[in-house]
Structures are given as C-alpha cells and as structure tokens.
Amino acid sequence: MTPGLAGFIASGRDEAAWEQSVVDVLAALATEFEVVPDRGGEPARAARRTLLDTFDWRLYRARLTLEYVARSVGGEFRLADHTVTTTTVNGVDGARGVDRPVAPSLITQPVTGWQAGRPHLMCEVPDGPVASRIGDLVAPRALLPVVTVTTAATTHRLLNQDGKTVARLQVERPVIGGQRSGPPAPPSSSMGGSALPAWGGAPPPPRPPPPPPRGPRLSIVEVRGYPGQARRAARLVGAAAGVTAAEVPTFAEALHALGRRPGDYSNKVDTDITAAQPASQAAATVLLRLLDTIEANVAGVLADTDTEFLHDLRVSVRRTRSALKLFGDALTGAAASGAAAVLTEEDVAFFAAEFKWVGDLTTPTRDLDVHLLDFDDTARGLNAAKPDDLEPFRTYLEQRRRKEFRALTRGLRSARLTELRNGWRARLTTIKDGNPGARGTTVRSGQGRQAAGGTTGTLAAERTRTAFAKVARRGAVITAESPAESLHDLRKRCKELRYALEFFAPLHDRTAQAKVVGELKRLQDCLGEFQDTEVQIGEIRALATAMLAAGEAPAVTLLAMGEVTAGLVSRQRAAREDFGRRFAAFAGIDGQRRMSALLRGKSGDGS
C-alpha cells in the first residue's frame, strides 16, 4: 500500500453500488494511466489472513501487527512494525524539512504446518526473523488467533506512457465463508471476519448490532522507483465518486464487526472514578473492575493456554482482598449523597474469606509454574552440575503440576466459585448504581468513618496516607538481625500501598504518581527477590525430600538441586544487603515529600 494511506472503501449499501464505485475508480485512473487487469480481471484465489496476538495485546501495544497468511501449501508470517510513521525530507536551499509518511517496515517468514485456529507458545513458533523479533516480547504468553479475515483480491496494473508498470490498484472483496468441518464455525463478520475460539476470557457480552455492510477495500500499491506515480494514483482514487477513505485497518474493522476492539483487555485497574463521587460507589467500581479481570481469565486458566492467565487471575484476587482491607468499610455505610450500601460487616468478612479461598486454591499451581518457567535458565546457570542432571527434577515438577492443576480446575468449575462471582457482582452493581432501600451497618469510628462515608477523594487521601505510614513505620525498625518474617510482612504492606495507589490513580497527578510508584516498585522488587528465594529454597528442600522418599531422586539430581539452592541463598543474601538502600530511597525524607506532594495533588519532585 502507498505509504500514509489506509486505503479506500467503496461506499453504498449493496453490491451494485459497490461495483459502480469500482467502475468509477477505474475510469478515473484511466484518465492518466493505462489500466491493465491482472489475470484477465478475475479475482485471485481467496486469501485467508489471521491476526495473531497475545491475550493482553502485547504486540499491538508495541505497535506491531502479526498476521498469518494461509497459502495452498504452507503459509507465511507477516510482521508489520508501526513504530516509525514519518520521516523528515530535507527542504531545498536550507528550507525547513517536510515530514512524510513512512510505510510500516515488514518482516516475512515462511512457515509450514501452522495451525491457525489454535494457540501457540513461542516454543512452537518456527525459528526465523519473525520469531526472533517477537520472542522476548511475547513469552511466556501464547500467540492466539484473534480474528480471521477472508478476501478475494483483483489487481489492476497501472502503466505509464512507456508501458511500464508504475503502480497497482488492488480491490479486495470480502468473502463470507461457509461452515468448516468439526465444531460449528464461529460467527462471521460482515467483512469476512470470524471470531475464533475464546482461548481465554469470559463468555463475551451480547454483541452490539453489526455495522452496515462494507464494500470492497481499494488500495494503491507502490512499485519501487515510482513513488510519485503511486501518490498520483491514490489522489485519483480518493477523488472518485462513491469512494471514502478507510479510517481503520482491515483487522480493526473485522474486530469491530464482532463487538471487539484492539487492546480490549488489560489487567490494569483502569476506572473512571472521581474525587467527588461517593466513596461507596468508587469502591464498588474498583471491585467490579477487578471481578471483570478475574472472570476474563478463568477460561484461559481452564484451557491451560499459558501461565499468565493464572497469574493475572491471582493478581486480581490479591487486589480484591487488599481492596476489601483498605476500604471494605465504604461498602457497609451509606454515603453522604445517599448511595446505597447492601453489605454488612459480616458480608464483607464473608467475601474476604471466599476470595482468600480462591487465592489459596491457585497457589500450588502458580508456585510450580514459577519453578518450571525459570527451569531452563536455572539449569544453564549450573557450574558443578550439568543441566541434564536436573531433568528428573523437571519431570517431578511436571507431575506435581498436573496433579495440582486438576485440583485447581475442580475449584474453578465449582458451584462455590460460580455463586461467589454472581453474588459479588450483584451486590457491587447495586452499590455502584446507587439503588435505594439498602441495608447497612456502622463503619470504623473517627476519621476512618468519615472517609468511608464521604467522598472518594477523602477516602483515597486517608487510606493511602495510612498505608504509607504502615510501610514507613515497619520498615524503619528492620535491622540486619530482623527475622525473615519481618521483611515478608513489610512486603505485604508495600503491596497494599501499591494497590491503593493503583486503585486511586485517576485522582492523582500522573507525574507525581510515577515518581512514588517508581521508588516503591524498586523496593518491592528487592523484597520480592528476598521472599521468593526464601520460598523457593524451602520448596526445593521439601521436593528433594519427597523425591528421595519416592525413589525418584538420583544422586546427581540431588547434588544439582543443592547447587540451585546455594544460588538462591546467594541471591537472597544480596537482596537483604540491598534492602536498606531501597527502603531509604522510598521512605526517607525525599520519599515522604514525594508522597505528600502526591496526596496534595502536586507534581513537584519533593525536594
């Protein structure tokens, strides 16, 4: 396609109007070019293109577009890089340069045996330039088939006066495919798109009415050495009757037809709460967003598509438990504006206990996932032992994971979890919508009660300030002799503060928030390294004992596991030594000033 152009669409609501628009375009081009149809004007074989991305749109967010184009034999990956959109062309005689559009750079890779209708982990992606470009960005997520578009293209060559081809007009017509073999085919979009199986995510909401049928898409394809002719042809197409500029790419249009959009999933707590709204409504809004994320990931966990579905689910469960601890009392008392409260203190305690159950349910599988995800790097890092010495340990971990995963799936499919999800959503929706006639109880006394029953701004300032004070107070008394439990407790307090900052982010200045969160994250990374290595050391020792008891631990494997444990001890010691510096950077005088500036709504550096 000519750089800078998204193409054009033949307007009209029926096929006759569309075809007339194509005729008009050909006539307009014929005024300056000789127009010669390829293949006698017959459409090429229908092309089937599948957009590939991770569930959380990692490629899209990196401004990359990956598609798989099916061929009669094999297929091809096409990776378009949209990170550079313009280039500056120097002016004449020192005149100011001009920014001109640049076509996305394209990387292609032939592939064979690719099954476009199912997820693929990066270890299943054939080696090549595309795999090399996206590997670190995608892993450990799977590439999912997001949407498939089928079109039949007709190409016309545009010749200059010398009879040379200087550009091409491509006319792509949607093909509405029939049923495929096997399970029922997914619904087709009005432009030949189809929603492939939901390898992750909750059952989709009711689809909106489909957009009006769209006509053929027309684009001018540049021939190397003739950019000016291609632009001239594009101007002629744009000026033709019955043609409008294509505002979105083909895949985005297909997703829209299916009630979706690029980037429609994120595990971030992105809400539209405001400082002036009742605290109870903001609390319900945040908790509903977390519930949405939990439910969006259940299907992916059950399908075992990739390990990040379980990770995202667990994070949202932890955030939910922290939210209930931070401002669960806001749900039990009616706000000053009369917003509803349909929860008692006993209700909040019940739901907190239920979400703890969900967290405990997911812990064993996730712990084993962490071991297996790091396994290859750990094995390569051995010095005395060989990587192969650890293979019996990997086998044992995989066996344990299969057992724990079966228990996890039973819990996720249980009536208990269904009742929790449905009951929690119903209660939160009632509070968020502010339905009258609700029952409630008193909340904590003093300033906390005023914050819980007041505005969101008051609640955010009071609870964030309290969470920061807990971190500063508990961290200040930790010394080199303090037990590991004290750092673990501080890590939990840091998580609560981090979640509070995330929940109330719409109320804060972005620059001030970024400074506070940046230092907090570095402290959390240090505490996380200390605690994670502590847990892994204990788990490896327990697993070694279990393997030995079961007769599944060769001597070389136990020795290799000992070397791994020694490496973890070294990492833990380094994290402990780094703690004082990290804590001072976050909670010292400068850190306190940054937090004060954040809560006052200022973006200064706190110095």
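Let me start with a salt bridge, meaning a side-chain nitrogen of Lys or Arg within 4 Å of a carboxyl oxygen of Asp or Glu. Arg 58 forms one with Glu 308, and their closest N and O atoms are 3.7 Å apart. Arg 58 belongs to helix 2 and Glu 308 to helix 7, so the pair ties together parts that are 250 residues apart in sequence. Helices here are DSSP runs of H or I with at least four residues, strands are runs of E with at least two, and both are numbered from the N terminus. Glu 308 is buried, with a relative accessible area of 11%. Buried means under 20% relative accessible area, exposed means over 50%, and partly exposed lies in between, using a 1.4 Å probe and protein chains only.

A word on the source. This is a predicted model, in which local features need pLDDT of at least 70 and side-chain atom pairs count only at pLDDT 80 or more, while totals for chains, interfaces and linings use all residues. Residues are numbered from 1 along each chain as its sequence is written, and side-chain values use heavy atoms, with hydrogens and water left out.

Now the chain as a whole. It has 17 helices and 14 strands. Of its 607 residues, 46% are buried. The accessible surface comes to about 29,500 Å², and carbon and sulfur atoms hold 52% of that; the areas come from the Shrake-Rupley method with a 1.4 Å probe, and for residues only the protein chains shown count as cover. Contact means heavy atoms within 4.5 Å. Among contacts between residues at least 6 apart in sequence, 72% join residues at least 24 apart.

Back to the charged pairs. How many salt bridges does a search of the whole structure find? The search finds 40. One of them is between Arg 581 and Asp 578, with the closest N and O atoms 2.7 Å apart. Both residues lie in helix 16, residues 555-587, three residues apart, or about one turn of the helix. An α-helix has 3.6 residues a turn, so residues three or four places apart point the same way. Arg 581 is exposed, at a relative accessible area of 52%. Elsewhere, salt bridges that share partners join Asp 56, Arg 58, Arg 141, Asp 306, Glu 308 and Asp 312 into one network.

Another pair takes us to helix 6. Asp 270 forms a salt bridge with Arg 289, the closest N and O atoms being 2.6 Å apart. Asp 270 sits in the loop between helix 5 (250-257) and helix 6, and Arg 289 in helix 6, 19 residues apart. Is each end buried or partly exposed? Asp 270 is partly exposed at 47% relative accessibility, whereas Arg 289 is buried at 16%.

Helix 6 itself covers residues 279-303, 25 residues in all. From first C-alpha to last, helix 6 reaches 38 Å, close to the 36 Å expected at 1.5 Å a residue; the expected span is 1.5 Å times one less than the number of residues. Helix 6 is mostly covered, with 21 of its 25 residues buried. Where does helix 6 bend? The bend is at Asn 297, by about 30 degrees, taken as the angle between axes fitted to the seven residues ending there and the seven starting there.

Just after helix 6 comes Asp 304, with a positive phi of about 55 degrees. Asp 304 lies in the loop between helix 6 and helix 7 (307-327) and is partly exposed at 35%. Trp 57 also has a positive phi, near 60 degrees, in a residue other than glycine. Trp 57 is in the loop between strand 3 (47-53) and helix 2 (58-61), and is buried at 2%.

One more backbone detail: a cis peptide bond joins Ala 139 and Pro 140, with omega about 5 degrees. Pro 140 is found in the loop between helix 3 (129-138) and strand 10 (142-159).

Strand 10 also holds Arg 157, partly exposed at 25% relative accessibility. The side chain of Arg 157 makes polar contacts, which are pairs of N or O atoms within 3.5 Å; within protein, one atom must be able to donate a hydrogen and the other to accept it, and residues adjacent in sequence count only if both atoms are side-chain atoms. One partner is the side chain of Asp 38, at 3.1 Å, and another is that of Thr 165, at 3.2 Å. The C-alpha atoms of Arg 157 and Glu 34 are separated by 8.0 Å, although the two residues are 123 apart along the chain.
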